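Biologist: Could you walk me through how to read a sheet and some salt bridges in a model like this one?

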Number of protein chains: 2
Amino acid sequence: MTLDMRRVIDPDTYFDHNLPPTNLQWAHDEVDRFVKSQSPDQRIVLVTSGGTTVPLENNTVRFVDNFSAGTRGSSSAEQFLAQGYAVIFLYREHSLQPFNRNYSHNTRGILSYLERTSEGQIRVKREWEEKMGRDLDLYQKYTGSKLLMVNFTTLSDYLFLLREVSLLVASLGPRVMFYLAAAVSDFFIPSHSMSEHKIQSAGGDLTLRMNQVPKFLRPLVKNWAPLCFIVSFKLETDPELLGPKARHALEKYGHQVVIANMLDTRKCQVWLFTKEASDPAIIQISKEDQDAGRDIEQDLVEELDRRHQQYISNGQQQ
Amino acid sequence: MTLDMRRVIDPDTYFDHNLPPTNLQWAHDEVDRFVKSQSPDQRIVLVTSGGTTVPLENNTVRFVDNFSAGTRGSSSAEQFLAQGYAVIFLYREHSLQPFNRNYSHNTRGILSYLERTSEGQIRVKREWEEKMGRDLDLYQKYTGSKLLMVNFTTLSDYLFLLREVSLLVASLGPRVMFYLAAAVSDFFIPSHSMSEHKIQSAGGDLTLRMNQVPKFLRPLVKNWAPLCFIVSFKLETDPELLGPKARHALEKYGHQVVIANMLDTRKCQVWLFTKEASDPAIIQISKEDQDAGRDIEQDLVEELDRRHQQYISNGQQQ
């Protein structure tokens with residue numbers, strides 16, 4: 001496994017050389033309608049969630065994927081709704097969705113929650129009724145009016161949709177937050193150097209050369225949505241790299257917050273880096289609280305809510 | 001993208017150098033119990049379904065995946081049950097499951113099928129009641145007694161489980177069918193040459209060298225389950241390669257059936273290759289039948305059922 005120093009393509013070039021997703025126009029219209037339906041002081045957050053795929057073949061049989069079930073994103077979306085935000089949820093197809101997340105991605109299927117009544121109706125089993133009822137009420141309360149779902153699969157889908165949504169919400173300025181929790185590929189194979197058909201395994205090794213994905217945080221912060229409150233994530237497995245890389249991202253892109261987390265402990269501890277503070281704020285949750293059903297995203301989102309309100313106030317004072 | 005001719009490792013060597021999945025002992029015990037609970041002439045099919053992942057890092061953030069939602073496998077499992085088989089369903093976690101498959105892997109979540117009654121109970125919406133009721137009845141009828149579910153994620157999980165199940169059912173001989181519909185990776189990165197931590201994208205290209213996965217159909221047919229009826233699959237995107245590769249597999253491994261299909265048309269046409277016939281049998285389904293909710297797996301499994309019965313009879317006459 002080797003890394004070569006090469007020229008990384010410009011973000012704009014990426015869009016010139018890749019096809020937009022089929023749902024781009026639909027997403028444009030839906031986000032436009034959703035944003036216009038909100039009151040003028042409504043705070044809005046774009047939550048991105050789940051991993052992006054990178055196809056290895058034009059007729060795709062194989063792809064590189066990023067580990068992410070969408071737990072952080074879907075749980076955070078619920079918390080943002082509870083805090084009064086309108087949420088645009090840009091998520092990987094089949095990854096976890098707000099409120100539904102407790103009943104998918106386990107080895108049980110939907111039918112295992114159901115039973116027939118003596119009258120022949122199909123109902124949720126009694127042991128699930130209370131919890132599922134609570135989630136159903138919230139799901140119905142928010143869907144459409146305060147929660148808009150937009151799905152992607154590939155890296156290319158994601159980048160086109162991110163740009164589209166950014167340009168649509170940019171004019172709303174500081175009251176929009178970007179919460180970029182999706183696990184986005186760092187490497188891709190450009191369409192023109194991809195194999196047309198399924199790669200054959202006639203006997204031997206396979207060598208794949210992948211190009212680095214341009215860093216889209218730069219145009220997002222500088223050009224697409226320069227007045228918005230932008231929160232990015234940094235996930236590592238090597239603890240030595242985490243702090244320096246989080247700080248480096250803040251300096252390089254000039255946005256508001258980097259949330260750093262380790263793969264192994266991401267559900268119980270995160271570090272919140274900002275330009276203003278020399279040390280990161282630590283948010284953590286005990287094993288007991290986790291077992292009792294509390295998610296770290298509740299504390300994390302409450303903290304971001306406070307900082308976002310401060311950001312809006314500061315903007316109004318200037 | 002280049003292919004080099006190299007020595008491919010021996011299947012046994014693979015097991016020496018990779019760790020078994022955590023559910024291996026559980027799977028052993030469950031399959032053993034399941035098989036022993038069947039009547040002595042009960043036909044049994046092992047259906048494998050979904051794609052395998054190949055991690056790129058030991059602390060896995062990225063992996064190569066194979067395109068497969070598990071449609072063929074989950075639909076076929078339902079048809080085998082309808083034909084009277086006992087089914088061991090070895091499937092990729094989160095891929096489609098028999099009977100549940102119609103209500104997952106769409107952009108709707110489980111909650112979208114539910115509503116509150118005036119008495120506060122949570123029930124399935126009227127428009128879904130009939131269809132879901134039918135699937136629920138079948139799900140409850142078969143689960144446990146005639147349908148056993150065993151899940152995998154990585155290539156390594158899959159291979160260990162395949163060997164384990166094969167060795168457990170081998171002694172039952174011809175009345176066991178293997179229906180190998182899972183999309184198994186052809187390439188992998190050996191654990192010792194994997195990156196320990198998340199691969200860094202400090203600037204530049206990434207070159208991945210992957211080794212060829214040994215062909216496990218050979219020990220399966222020759223050593224693990226030599227008396228069983230074995231059906232393998234061949235998926236291609238280049239029509240020129242499909243026939244020759246299917247025929248080559250039959251000659252090389254000496255098993256009973258290869259089902260050949262093209263990525264684009266796999267839901268409406270398959271070719272059934274056997275050693276006995278010079279031309280493949282074609283099974284196809286019209287657009288109208290598909291739209292009416294009929295799956296090609298119904299015809300495919302009925303055809304395999306006939307051939308399997310013939311295989312058993314031939315074995316008894318010898």
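Here is a short tour of a sheet and then of charged pairs.

Modeller: A note before we start: this is a predicted model, where local features need pLDDT of at least 70, side-chain atom pairs count only at pLDDT 80 or more, and totals for chains, interfaces and linings use all residues. Side-chain values use heavy atoms, with hydrogens and water left out, residues are numbered from 1 along each chain as its sequence is written, and chains are lettered from A.

Biologist: In what order do the four strands of the open sheet stand?

Modeller: In general, strands of a sheet pair through backbone hydrogen bonds, either parallel or antiparallel. Here the order is E3(A)-E4(A)-E4(B)-E3(B), with antiparallel pairing. Strands are DSSP runs (E, at least two residues; helices are H or I, at least four), numbered from the N terminus, and two strands pair if DSSP finds at least two bridges between them. Strand E3 (53-55) of chain A and strand E3 (53-55) of chain B each have a single partner strand, so one side of each lacks a neighbour in the sheet.

Biologist: And which residue forms a salt bridge with A:Glu297?

Modeller: Side chains of opposite charge can pair when their charged atoms come close. The cut-off is a side-chain nitrogen of Lys or Arg within 4 Å of a carboxyl oxygen of Asp or Glu. The partner of A:Glu297 is A:Arg72, with the closest N and O atoms 3.0 Å apart. A:Glu297 lies in helix H9 and A:Arg72 in helix H3 of chain A, so the pair ties together parts 225 residues apart in sequence.

Biologist: Are A:Glu297 and A:Arg72 buried or exposed?

Modeller: Both are buried, that is, under 20% relative accessible area, while exposed means over 50% and partly exposed lies in between (1.4 Å probe, protein chains only). A:Asp291, at 58%, is exposed; its side chain meets that of A:Lys287 in a salt bridge.
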